[in-house]
Amino acid sequence: MTPQEFDWLRAFLKQQSGLVLTNEKQYLIESRLLPVARKAGLASLSALIAKIKEPGQSMLAATVVEAMTTNESFFFRDKTPFEHFTDTMLPKMLEARARERRLRIWCAAASTGQEPYSLAMCLKDAEAKLAGWRVEILGTDLSTDVLEKAKAGVYTQFEVQRGLPINHLLKYFTQIGDTWQINSNMRSMVQYRKLNLLENFSSLGQFDIIFCRNVLIYFDNKTKVEILERMAKMMPADGYLVLGAAETVVGLTDVFRPMTEKRGLYQVGDGTAPGLRSSSLGAVGTAAPIGASRFASFGR
Amino acid sequence: MKNCLVVDDSSVIRKVARRILEDLAFEIVEAEDGAQALDACRKEMPNAILLDWNMPVMDGLEFLAHLRREPGGEKPKVVFCTTENDVGHIAKAMRAGADEYIMKPFDREIVEAKFAEVGLI
Ligand SMILES: C[S@@+](CC[C@H](N)C(=O)[O-])C[C@H]1O[C@@H](n2cnc3c(N)ncnc32)[C@H](O)[C@@H]1O
């Protein structure tokens, strides 16, 4: 691969998915794209790059973009966000949405499903308090492959042992040979959809809670700010944004403010503005694209 | 310093487990079967026990039943670590008083995750 080809690829990836490829990460290109080239019957990365420049090669181009994403995820990753979910966000929302009894949650980089399913397990654990509630979890990702895996909900023995308490494995999964599948009642709590965060996502409607973890780290500051500001518009003032352990809004934008003593948790504005409160229900009504049948209804 | 009793009839597994757990700042005592493990516990109750299932003399499940009846035997966090990977075995171990369960093969990340899960690290 020539320096020119490298520069072109770098610009292409940035434009397609936001991925900023630093020079130290150059090695990733070979390990991730050589298999793609080989599968397409191409002899080299140069040939692959030439091919995706041709018109009518959008499938191959998408495969290249997806192959460059990092999809690692674990159940209950970093633990505290899920403790915050159960101990802070959920109790607050149970109170604030007591009238609508409706909650919308978005995992904006859902990858292979561990994050949305961890939330589904938290909700199921709190089932008693959610009688009569309709809770929606939407999981989106750029990559088709990871979404397929997320939908199937089948995990290896290794994957179910990284962060998943054994009691949750027994309670929520079924063993299939050497793999474990999350039960269908849990799968039905989550809806998956392909979505590129660089694109307009306002049609998804309003969300009370957004998990956007370990994806902004791959983008430059301008892209991060732009995405965060669009997300802020989709949240009521008492909604919660959850970022990854290595991510923050501090120094980037003030549309979100970090919550004191709750690491990784952010709220729009001051978190109380009453005028915006009711927006949740209204917006759900307009969020027609999300299949209503995928709402998890508790106690009905 | 916390101590962990590693119970496995394979010296290779004990060695691997020792290396991982020493990095997590545990002091290690080893036992080759349930009977040896019970002796070790009677001398000094450990904070944690990493426990194989199938062993000669006394197996892991039998050891666990004895342990939980010993004075102070409710204290150690017991993490099974076995090739038995079916729901039946896991459920049986949990009912017998295990705190967590590792299905072999395991690696550093799994041991760390499971020990963190039961509050040992
Ligand atoms: C490391 S995973 C994070 C998974 C999960 N949120 C977690 O924290 O464990 C990052 C995911 O972001 C996705 N991703 C990368 N760029 C994206 C984009 N522009 N739009 C949507 N998803 C993207 C990748 O496909 C990948 O699955």
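This is a predicted model: local features need pLDDT of at least 70, side-chain atom pairs count only at pLDDT 80 or more; totals for chains, interfaces and linings use all residues.
**The ligand and its surroundings**

The ligand is surrounded by 21 residues, and the closest of these are A:Ser73, A:Arg77, A:Ala109, A:Asp141 and A:Asn214. When the shell around the ligand is sorted by class, seven residues are nonpolar, nine are polar and five are charged.

| Residue | Part of the residue | Ligand atom | Distance |
|---|---|---|---|
| A:Ser17 | backbone N or O atom | nitrogen | 2.9 Å |
| A:Arg77 | side-chain N or O atom | oxygen | 2.7 Å |
| A:Asn196 | side-chain N or O atom | nitrogen | 2.9 Å |

On its own the ligand has 600 Å² of accessible area, and the protein covers 98% of this area.

**The cavity**

A search of the whole structure for cavities of 30 Å³ or more finds one, and the volume of the largest cavity is about 30 Å³. Its lining consists of B:Val6, B:Val7, B:Asp8, B:Ile13, B:Ala17, B:Leu50, B:Leu51, B:Asp52 and B:Cys81. In chain B, the elements β1 (2-7), α1 (11-23) and β3 (48-51) each give two or more residues to this lining. Sorted by class, the lining of the largest cavity has seven nonpolar residues and two charged ones, with no polar residues.

How values were computed
Residues are numbered from 1 along each chain as its sequence is written. Chains are lettered from A and ligands numbered from 1 in the order in which they are written. Side-chain values use heavy atoms; hydrogens and water are left out. A residue is near a molecule or strand if one of its heavy atoms lies within 4 Å of it. A polar contact is a pair of N or O atoms within 3.5 Å; within protein, one must be able to donate a hydrogen and the other to accept it, and residues adjacent in sequence count only if both atoms are side-chain atoms. Accessible areas come from the Shrake-Rupley method with a 1.4 Å probe; for residues, only the protein chains shown count as cover. Ala, Val, Leu, Ile, Met, Phe, Trp, Tyr, Cys and Pro count as nonpolar, Asp, Glu, Lys and Arg as charged, and the others, Gly among them, as polar. On a 1 Å grid over the protein atoms alone, a cavity is a set of points where a 1.4 Å probe fits but cannot get out, and a pocket is an open set with protein on both sides within 12 Å along at least five of seven lines; lining residues have an atom within 4 Å of a point. Grid points are joined across faces, edges and corners, and a volume is the space filled by probe spheres set on the points. Helices (H or I, at least four residues) and strands (E, at least two) are DSSP runs, numbered from the N terminus.
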